[in-house]
Amino acid sequence: MQGLAQFLEQGGTLMYVNLVVSIITLAFIVDRTIFFLGKGSVNAKAFLEQIRKLVLANNIDRAVKLCSATEAPVAQVARAGLQRVHRGEIAIAQAIEETLVDVTPMLKKRVQILWSIANIATLVGLLGTVIGLIRAFGAVAAAKPEERSALLAKGISEALNNTAMGLSIAVTCIIAHAILSSASKKQVGDLEGFALKLENLLAESAQGGAKA
């Protein structure tokens, strides 16, 4: 901790700006990681199979309760369709499509912003670098000969610390963006496939109920 405090102090004021940016970055990464590993991690294939068994057993109420037990996007889509199962195919399709439009942004939320933060962190680090060099050469120009080496070293240290901090945040953001973006795309694809299969299942169930 003492080394980190010294590192920040040597970097000057803009290091604290980068520190705030790094905290925001970690908050976004943790939030999305928890979502993809927790709330959004329901296995769509297995969940659909559970619903299929309940629907084939004509146990719609239990299927709705199963969906209400979690706020996962697949469960929200399934619940919307199940609640309209007695209103016909068109009502089922509309409910599923509307809910799909509503929940899909949840899977993309706060992922793209990491790329923007990477650019911001790089620019803040670069600005800190330039300011550090300006201060270094300005101090050297006005200092006594015996003090110039120490002042130059201090200014260059400030500049390089800002560079290192900015690039570290940017690299973290880019890596996290690549991983989370891949997870987001996979879950969107799984959700769309789930919605299509669910719609077909409920449409067949509605047709069977109408014939009966």
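## Salt bridges and surroundings

The side chains of D190 and K186 meet in a salt bridge, at 3.0 Å from N to O; the term means a side-chain nitrogen of Lys or Arg within 4 Å of a carboxyl oxygen of Asp or Glu. This is a predicted model, so local features need pLDDT of at least 70 and side-chain atom pairs count only at pLDDT 80 or more, while totals for chains, interfaces and linings use all residues. Residues are numbered from 1 along each chain as its sequence is written, and side-chain values use heavy atoms, with hydrogens and water left out.

Both D190 and K186 sit in helix α8 (residues 145-211), four residues apart, or about one turn of the helix. Helices here are DSSP runs of H or I with at least four residues, numbered from the N terminus. That spacing has a simple background: an α-helix has 3.6 residues a turn, so residues three or four places apart point the same way.

How many salt bridges does a search of the whole structure find? The search comes back with four. Among them are two that involve D31: one with R32, where the closest N and O atoms are 3.1 Å apart, and one with R110, where the closest N and O atoms are 2.8 Å apart. The R110 pair links distant parts of the chain, since R110 is in the loop between α6 and α7 (113-142) and D31 is in helix α2 (residues 13-37), 79 residues apart.

Buried means under 20% relative accessible area, exposed over 50%, and partly exposed in between (1.4 Å probe, protein chains only).

| Residue | Relative accessible area | Class |
|---|---|---|
| D31 | 28% | partly exposed |
| R32 | 4% | buried |
| R110 | 31% | partly exposed |
| D190 | 35% | partly exposed |
| K186 | 55% | exposed |

R110 also follows α6, and its phi is positive, near 60 degrees. As for α6 itself (residues 89-108), its 20 residues should span 28 Å at 1.5 Å a residue, and the end C-alpha atoms are 29 Å apart, which agrees; the expected span is 1.5 Å times one less than the number of residues. There is still a kink of about 30 degrees at V101, shortly before the proline P105. The bend is the angle between axes fitted to the seven residues ending at a residue and the seven starting there. Buried residues of α6 include A91, I92, A95, T99 and L107.

What about disulfides, meaning pairs of cysteine sulfur atoms within 2.5 Å? The count comes to zero. C67 is buried at 0% relative accessible area, and C173 is buried at 0% as well.

Back to α8, which also holds T172, a partly exposed residue at 36% relative accessibility. T172 and I60 are 112 residues apart in sequence and 46 Å apart in space, C-alpha to C-alpha.

Finally, the largest pocket has a volume of about 370 Å³. A pocket is an open set of points on a 1 Å grid over the protein atoms alone, where a 1.4 Å probe fits, with protein on both sides within 12 Å along at least five of seven lines; lining residues have an atom within 4 Å of a point. Of its 22 lining residues, the closest to the centre are V42, N43, A44, K45 and D190. α8 gives the most to this lining, with nine residues.

Conventions: Helix = DSSP H or I, 4+ residues; strand = E, 2+ residues; numbered from the N terminus. Disulfide = S-S within 2.5 Å. Points joined across faces, edges and corners; volume = space filled by probe spheres on them.
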